[in-house]
Amino acid sequence: MTTYDEIRQTVAPELERLNARIHSRLTSGNALMDTIVGSQLRTRGKQIRPLVVVLCARMFGEVTDRVLAAGASVELLHNASLIHDDVVDESKLRRGSPTLNAVWDNHIAVLVGDFYTSSSLREAVETGDMRIIETISSLGRLLSLGELSQIDTARTHTLAESDYFSNIDKKTASLFVACARMGCYAAGAPDHATEALAEFAGLLGLCFQIRDDIFDYYPSDKVGKPTGNDLREGKVTLPLLHVLLNADAPQHDEMLQLSRCDALSDADIERLQAYARDNGGIDYAFARMAELRDRAACILRRLPSSEASEALLGIFDYIIARDY
């Protein structure tokens with residue numbers, strides 16, 4: 001199987017240009033802002049989302065400055081949402097490094113997140129394509145609504161798989177859909193291909209969130225980062241949700257009642273994590289990801305085969321197989 005690093009290498013020059021564009025856009029002339037942004041840019045993640053933009057565009061032509069502006073726009077808005085999420089969640093670490101709000105304070109973190117958001121919109125405007133501007137503007141709304149829906153579901157202790165998928169569709173999959181659409185728009189892809197890749201990207205985003213949720217059901221030392229955070233916030237994600245919806249599962253009533261407690265201890269969280277693992281919750285989540293992957297592969301088969309389309313499916317496989 002092609003590794004994620006090998007996939008990135010196929011578009012390494014394009015990603016270098018994209019990152020240079022992001023650095024240029026974030027250079028402000030304000031000493032404090034430039035210091036903070038400089039430290040943020042040294043801890044980039046996997047950059048899966050701008051990679052999706054570039055690969056979708058490459059299916060239909062060259063990666064132009066318009067494509068790079070679209071990719072930069074998505075990456076900037078994504079990072080803005082992470083900065084704001086860390087403030088809301090009072091997170092102290094991200095990707096093994098101190099969060100912006102931990103190093104500075106919430107006031108500065110919110111302002112930097114706002115700066116990233118406005119920079120994202122400026123990059124979208126640079127494309128000169130109203131479809132791209134509309135996509136990134138709508139995305140900001142969807143991300144907010146998805147997070148609020150998840151908070152409401154947690155507070156009301158609602159247990160329904162349909163609600164779970166609706167929430168992650170807004171808060172995570174919508175970002176991947178925007179990546180595909182913006183890459184296609186920037187490259188002048190035909191409408192039928194744009195819609196197909198948007199559908200593919202939506203499935204990719206769902207899979208990404210399910211895999212991320214699975215990590216939360218293992219001890220921190222097994223994953224390499226803090227876990228159990230969703231449960232601390234009252235969020236019941238797919239592995240535990242599946243088991244709690246099975247009334248025949250052992251200790252069902254007791255564990256259902258425990259999941260509805262507003263203040264879980266570390267021991268309570270460990271019990272719920274083990275309950276999900278021991279009663280098929282993890283296996284079920286992996287099975288759902290496999291279904292999503294099969295549907296995504298069928299969508300790609302409707303389009304001309306290329307190195308870029310193979311790389312997109314390779315990203316899907318990477319997401320399922322990743323261990324951090």
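# Close-up views of a predicted model

**View 1. Ile210 and its surroundings in the nonpolar core.** Leaving aside the neighbours within four places in sequence, Ile210 is in contact with Tyr164, Phe165, Ile168, Leu238, Ala285, Met289 and Leu292. The view, like those that follow, shows a predicted model. Ile210 belongs to the largest nonpolar core, which has 104 residues, and together with Ile315 and Phe316 it touches the most other members of that core. The element that gives the most to this core is helix 9, spanning residues 161-187, with 13 residues.

**View 2. The salt bridge between Glu161 and Arg288.** The side chains of Glu161 and Arg288 meet in a salt bridge, with a distance of 2.4 Å from N to O. Because Glu161 lies in helix 9 and Arg288 in helix 16 (residues 281-300), the pair ties together parts that are 127 residues apart in sequence. Arg288 is buried, its relative accessible area being 17%, where under 20% counts as buried.

View 3. Helix 14 covers residues 252-259, and within it His252, Met255, Leu256, Leu258 and Ser259 are buried. When the helix is seen down its axis, these buried residues fall within an arc of 160°, and they therefore line one face of helix 14. Residues three or four places apart in an α-helix point the same way, because there are 3.6 residues a turn. The buried residues of helix 14 pack against helix 13 (238-244) and helix 15 (266-278), whereas the face turned away from the buried side carries the exposed residues Asp253 and Gln257.

**View 4. Ser259 in helix 14.** Ser259 lies in helix 14 and has a relative accessibility of 6%, so this residue counts as buried. Apart from neighbours within four places in sequence, the residues in contact with Ser259 are His157, Leu244 and Leu272.

**View 5. The salt bridge between Arg232 and Asp266.** In this view the side chains of Arg232 and Asp266 meet in a salt bridge, at 3.5 Å from N to O. Arg232 lies in helix 12 (residues 229-232) and Asp266 in helix 15, so that the pair ties together parts that are 34 residues apart in sequence. Arg232 is partly exposed, with a relative accessible area of 40%.

**View 6. The salt bridge between Arg58 and Glu14.** The structure holds 18 salt bridges, and one of them is formed where the side chains of Arg58 and Glu14 meet, with 3.9 Å from N to O. Since Arg58 lies in helix 4 (residues 48-58) and Glu14 in helix 2 (residues 12-26), the pair ties together parts that are 44 residues apart in sequence. Glu14 is buried, with a relative accessible area of 15%, whereas Arg58 is partly exposed, with a value of 28%.

View 7. Ser119 lies in helix 7 and is buried, with a relative accessible area of 3%. Not counting residues up to four places away in sequence, Ser119 touches Arg25, Leu26 and Leu76. The C-alpha atoms of Ser119 and Leu77 are separated by 8.2 Å, although these two residues are 42 residues apart along the chain. Arg25, one of the residues touched by Ser119, also takes part in a network of salt bridges that links Arg21, Arg25, Glu123 and Glu126.

**View 8. Trp104 and a nonpolar surface patch.** Leu32, Val103 and Trp104 make a nonpolar surface patch of about 270 Å². Trp104 lies in the loop between helix 6 (100-103) and helix 7 (106-126). With a relative accessible area of 35%, Trp104 is partly exposed.

**View 9. Ser144 in helix 8.** The place of Ser144 is in helix 8, which runs over residues 130-156. Ser144 is partly exposed, with a relative accessible area of 43%. From C-alpha to C-alpha, Ser144 and Asp191 are 28 Å apart in space, and they are 47 residues apart in sequence.

How values were computed
Residues numbered from 1 in each chain as written. Predicted model: local features only at pLDDT ≥ 70, side-chain atom pairs only at ≥ 80, totals over all residues. Heavy atoms only, no water. Patch = residues over 30% accessible without salt bridge, like charges linked within 9 Å, V, L, I, M, F, W, Y side chains within 5 Å. Areas by Shrake-Rupley, 256 points an atom, 1.4 Å probe, with all protein chains shown as cover. Salt bridge = Lys/Arg side-chain N within 4 Å of Asp/Glu carboxyl O. Helix = DSSP H or I, 4+ residues; strand = E, 2+ residues; numbered from the N terminus. Buried < 20%, exposed > 50% of the residue type's maximum accessible area, 1.4 Å probe, protein only. Core = buried A, V, L, I, M, F, W, Y, C linked by side-chain atoms within 4.5 Å. Contact = heavy atoms within 4.5 Å. Arc of directions from axis to C-beta.
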